Amino acid sequence: MFRSCTSSGSRAVASSSQFQTQPSAFLHTTSALSSQASKRIGLRNKKLNIANTSKRLAEAAKLRPSVVLGTRPGEEETKWKKCELAQVLVDEEKLYQSTAAKTTRFSVPMVREQGPVGTVHLPQHFGHGVGPAEKQLLFEKLPIATVNMSMSTHSMKAHIASRSLNPQPANPLTQEELFDAESKKELQKSNLLAKALDLRNANAGGIAFENRRRIILAFSTPENPYDTGRTEVQVALITYKIRNLWEHLKRAKRDVANRRGLTKLVHQRAKLLRYLKGVSRDRYETLLEQLALDPESVEGELVL
């Protein structure tokens with residue numbers, strides 16, 4: 001009897017305690033709500049941090065210099081056109097620009113120069129690697145040498161004809177008239193040669209050859225004007241190739257092979273500049289200024 005009463009009393013106490021604890025557990029939810037709120041705040045702060053980081057990286061990317069061109073955004077038109085490399089290269093727009101409204105690119109007035117055989121119409125820009133020395137040889141020394149050789153030939157023929165058994169009639173022209181006739185022939189030849197050597201008649205390969213020749217002359221030393229092994233010359237030639245390839249890739253965006261070649265050229269230029277920086281810091285900084293290259297575009301990790 002006592003045992004049954006005890007068990008029933010304990011069940012009553014347990015049920016009453018359970019009845020008392022349920023409402024308290026149901027009402028006291030501060031810890032759970034605070035943990036959920038802290039999670040929401042943490043996620044919101046994380047999203048804000050990611051957005052701020054992305055914004056900061058995007059702004060830094062806008063100001064970062066291009067690893068291909070070497071200039072920062074907005075500086076291409078000003079910094080590139082003022083550098084020495086851009087001034088050395090052939091400006092195709094000015095090359096084919098006509099002075100008159102109705103003239104074609106082949107009828108642009110040429111430069112008149114008085115030569116030994118007469119006035120020669122020379123082009124403003126020569127192609128095929130013709131420089132001042134070659135110009136003097138072709139249009140000053142060669143014509144008068146050819147005229148003198150022709151006059152000697154006429155004199156020899158006249159001498160042989162006078163001693164032959166069947167003498168032929170002598171040339172009715174005097175020496176002065178023969179000299180004028182030969183000079184006119186050489187003048188005509190010189191004008192035709194000048195038109196053939198005009199850079200406006202060259203194709204893309206001819207213009208590229210002239211640009212490479214100018215780059216080698218501009219970045220070599222006066223002691224060795226054709227020093228193709230000089231680091232400055234190699235870097236300038238690579239920069240010229242990079243810019244030409246970049247203009248091509250802007251038109252042909254699916255040209256994967258040339259894009260891979262562009263990446264190789266960019267890293268090759270950076271390697272040469274790193275070598276030049278170790279040899280001479282002054283030459284390195286001078287070359288960057290001459291090529292319109294920002295130091296950040298050739299140093300560190302280069303990602304195209």
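# Chatting through helices and salt bridges

Me: Hi! How many salt bridges does the count come to?

Reply: The count comes to 15 salt bridges, where a salt bridge is a side-chain nitrogen of Lys or Arg within 4 Å of a carboxyl oxygen of Asp or Glu. Keep in mind that this is a predicted model: local features need pLDDT of at least 70, side-chain atom pairs count only at pLDDT 80 or more, and totals for chains, interfaces and linings use all residues. Residues are numbered from 1 along each chain as its sequence is written, and side-chain values use heavy atoms, with hydrogens and water left out.

Me: OK, which residue does glutamate 76 meet in a salt bridge?

Reply: Its partner is arginine 243, at 2.8 Å from N to O. This pair links distant parts of the chain, 167 residues apart: glutamate 76 is in helix H3 (residues 76-82) and arginine 243 in helix H9 (residues 231-251). The helices (H or I, at least four residues) and strands (E, at least two) are DSSP runs, numbered from the N terminus.

Me: Is arginine 243 buried or exposed?

Reply: Arginine 243 is buried, because its relative accessible area is 11%. Buried means under 20% relative accessible area, exposed means over 50%, and partly exposed is in between (1.4 Å probe, protein chains only).

Me: What about arginine 213, which residue does it meet?

Reply: Arginine 213 and glutamate 210 meet in a salt bridge, 2.8 Å from N to O. They are 3 residues apart in helix H8 (residues 204-219), so about one helical turn separates them. Elsewhere, salt bridges that share partners join Arg72, Asp294 and Glu296 into one network.

Me: Switching to H6, how far apart are its end C-alpha atoms?

Reply: They are 46 Å apart, which agrees with the 46 Å that the 32 residues of H6 (residues 132-163) should span at 1.5 Å a residue. The expected span is 1.5 Å times one less than the number of residues.

Me: And where does H6 bend?

Reply: H6 bends by about 35 degrees at leucine 142, with proline 143 following within four residues. The bend is the angle between axes fitted to the seven residues ending at a residue and the seven starting there.

Me: What do the buried residues of H6 pack against?

Reply: They pack against strand S2 (118-122) and helix H7 (175-196), with contact meaning heavy atoms within 4.5 Å. Phe139, Pro143, Val147, Ser150 and Met151 are the buried residues of H6. Over in helix H7 you'll find serine 183, which touches Val117 and Val147, not counting residues up to four places away in sequence.

Me: Which residues of H11 are buried?

Reply: In helix H11 (residues 281-291), the buried ones are Tyr284, Leu287, Leu288 and Leu291. They cover an arc of only 100 degrees around the axis, so they sit on the same side of H11; the arc is that of the directions from the helix axis to the C-beta atoms. The face turned away from that buried side carries the exposed residues Asp282 and Glu289.

Me: What covers the buried residues of H11?

Reply: The cover includes H3, helix H4 (84-88), H8, H9 and helix H10 (256-279). Just after H11, alanine 292 takes a positive phi of about 60 degrees.
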